[in-house]
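Notebook open, model loaded. I want to go through this one piece by piece and jot down what I look up.

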Amino acid sequence: MKHADFCILGAGLAGLFLADSLTDHNLSSIVIEKNALASGASGTPGGLVNPATGRRAKKSWKAVQCYKAIAKNLEKIQATTNERFYLNNGLLRPALLEKMARKMKNQHEKTTWPSGWCQWKSESEIKEIHPGIECVDGGLWLPIGLTVDVGKYVQAYAQWLRDEGINILTNQQPLEIHHDKKWHVELGDSTIATKYLVFATGHYTPQSKYWDWLPINLIKGQVAKFKAASGPLSFSHSISSLGYIARLDEEDTFVQGSTYEHDFEDLNPDQGGEDYLRKRMHRTLPELEKESKVVDQWAGVRTSTPNYKPILGEHPKHKNLHVFTGLGSKGLLYGKYLARHYADHLVNDTALYPEVNISRFKD
Ligand SMILES: Cc1cc2nc3c(=O)[nH]c(=O)nc-3n(C[C@H](O)[C@H](O)[C@H](O)COP(=O)(O)OP(=O)(O)OC[C@H]3O[C@@H](n4cnc5c(N)ncnc54)[C@H](O)[C@@H]3O)c2cc1C
């Protein structure tokens, strides 16, 4: 029998962020991951921290708090490993149509950004930053944009948490869960007894009998790693226009994302995914698309909700049974800040933001 204040199912971004924030309150957690680390959506080889999202580049929800929380954590974990998993390399958002430029510009004019975060650039300025890029009537430059190899980040983060004393068990899953005074999680060779049980189980969450009533949409996303034939690339920033191009530190490779597949039969990457990604890349960087070959392809599943916000909170009928999921395509941006918000709620009973509170849904 193992004892902990919290048992968290799932060692993706949600589970790790939450375990970390609970430790800040001196609470113990055991994290159980049914597969290997970074095997879920949090294995994305190239993801962006981008607070100006969508075609209009709208400032995302709680953008400043969320950005600061993830930027600080990336910096802290990066300092513990020689393996580089993120770059503070800026993000270019060129408009590809007149209408898109107009909407982006209007949005930018009515938004207050912290100084230097998000700048409107004319077409010629965008092309000066990135010669050869397709652009119509201008776009945005976000010097604060971050690019992350999420899978490598999760590996390094889990190692750091283990060094801090958090027990993370991989390739294990509950055979049975039951409650009497405490939650008991049966693992086969051991049982975990815990006051609180949290499902941070990503796209598996709706498969649980406790959470099958939540309105979670599953969206498969494929990304591909490309290598340019002509050698080192001439740019170091990432790009978000139609899909995104994530530049990490290998000189001649980059990651192109992503598909949004609402109907899918399996979780594997496929030729249809590569074709789609190539079309998207061709619209932004036609020359690069022609000379690049796929060297790796990857697929994961996002969990999205009707208001595109995560789900946090206690089960309406089962005491001390919680869920933290629905991070959609903003797991990096939202996850760290919301884990802290959630831990504060669990410990100090502070109110959850209504936009993310599970109470917005009924069982
Ligand atoms: C193609 C793609 C591109 C993306 N790009 C970006 C981006 O640019 N920026 C950004 O911020 N976000 C991005 N995201 C989103 C981000 O990756 C996710 O929001 C985030 O990884 C979700 O984390 P999670 O912990 O909720 O889920 P997951 O990472 O899926 O983790 C859930 C874990 O729970 C485990 N599990 C499930 N059931 C059990 C059980 N019963 N017991 C134990 N363990 C269990 C699973 O094995 C899994 O490891 C992208 C996602 C995809 C798919």
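**Ligand shell.** I started with which elements line the ligand in this predicted model. Helix H1 (13-23), helix H8 (331-348) and the strands E3 (47-49), E15 (217-228) and E19 (292-304) each give at least two residues to the shell. I then asked which residues come nearest to the ligand. Gly12, Gly40, Gly202, Gly221 and Gly331 do, out of 40 residues around it. By class I get 21 polar, 15 nonpolar and four charged residues in the shell. Two domains show up here: domain 1 and domain 3 each put in at least three residues.

**Domains.** I noted the bounds next. Domain 1 is made of three segments, 2-43 + 152-214 + 307-360, while domain 2 covers 58-147 and domain 3 covers 217-304. The C-alpha centres of domain 1 and domain 3 are 30 Å apart. Their contact involves 12 residues of domain 1 and seven residues of domain 3. On the domain 1 side I find nine polar residues, three nonpolar and no charged ones.

**H1 against H8.** Both helices were already on my list for the ligand shell, so I checked how they pack. Two numbers describe such a pair, the angle between the axes and the distance between them. Here the axes come within 8 Å and cross at roughly 35°. The crossing of H1 and H8 is right-handed. From H1, the residues that meet H8 are Leu13, Ala14, Phe17, Leu18, Asp20, Ser21 and Leu22. Their partners in H8 are Gly331, Leu332, Gly335, Lys336, Ala339, Arg340, Tyr342 and Ala343. Sorted by class, the contact has nine nonpolar, three polar and three charged residues.

Most peptide bonds are trans, and most residues other than glycine have a negative phi. I went looking for exceptions. Where is there a cis peptide bond? It joins Gly257 and Ser258, with omega about -15°. Ser258 sits in the loop between strand E18 (253-257) and helix H6 (271-284).

Next came positive phi values. Ala38 has phi of about 60° without being a glycine. I place Ala38 in the loop that runs between strand E2 (29-32) and E3. Is Ala38 buried or exposed? Ala38 is buried, because 24 other C-beta atoms lie within 10 Å and the cut-off is 20 or more.

Tyr308 also has a positive phi, near 60°. Tyr308 is in the loop between E19 and strand E20 (311-314). Tyr308 has 16 C-beta neighbours inside 10 Å, so I log it as partly exposed.

**Gln173.** Last stop was a loop residue, Gln173, between strand E11 (167-169) and strand E12 (176-180). I count Gln173 as partly exposed because it has 16 other C-beta atoms within 10 Å. Which residues does Gln173 touch, leaving aside neighbours within four places in sequence? I found Ile32 and Lys34. I also took the C-alpha separation of Gln173 and Val185, which comes to 8.9 Å across 12 residues of chain.

Note on methods:
Residues numbered from 1 in each chain as written. Predicted model: local features only at pLDDT ≥ 70, side-chain atom pairs only at ≥ 80, totals over all residues. Near = placed C-beta within 6 Å. Helix = DSSP H or I, 4+ residues; strand = E, 2+ residues; numbered from the N terminus. Nonpolar A, V, L, I, M, F, W, Y, C, P; charged D, E, K, R; others polar. Domains from an automatic or database assignment. Buried ≥ 20, exposed ≤ 12 C-beta atoms within 10 Å, placed from the backbone. Contact = placed C-beta atoms within 7 Å. Axes fitted to C-alpha atoms, helices over the stretch in contact; angles between N-to-C directions. Left-handed = near helix turned anticlockwise from the far one by under 90°.
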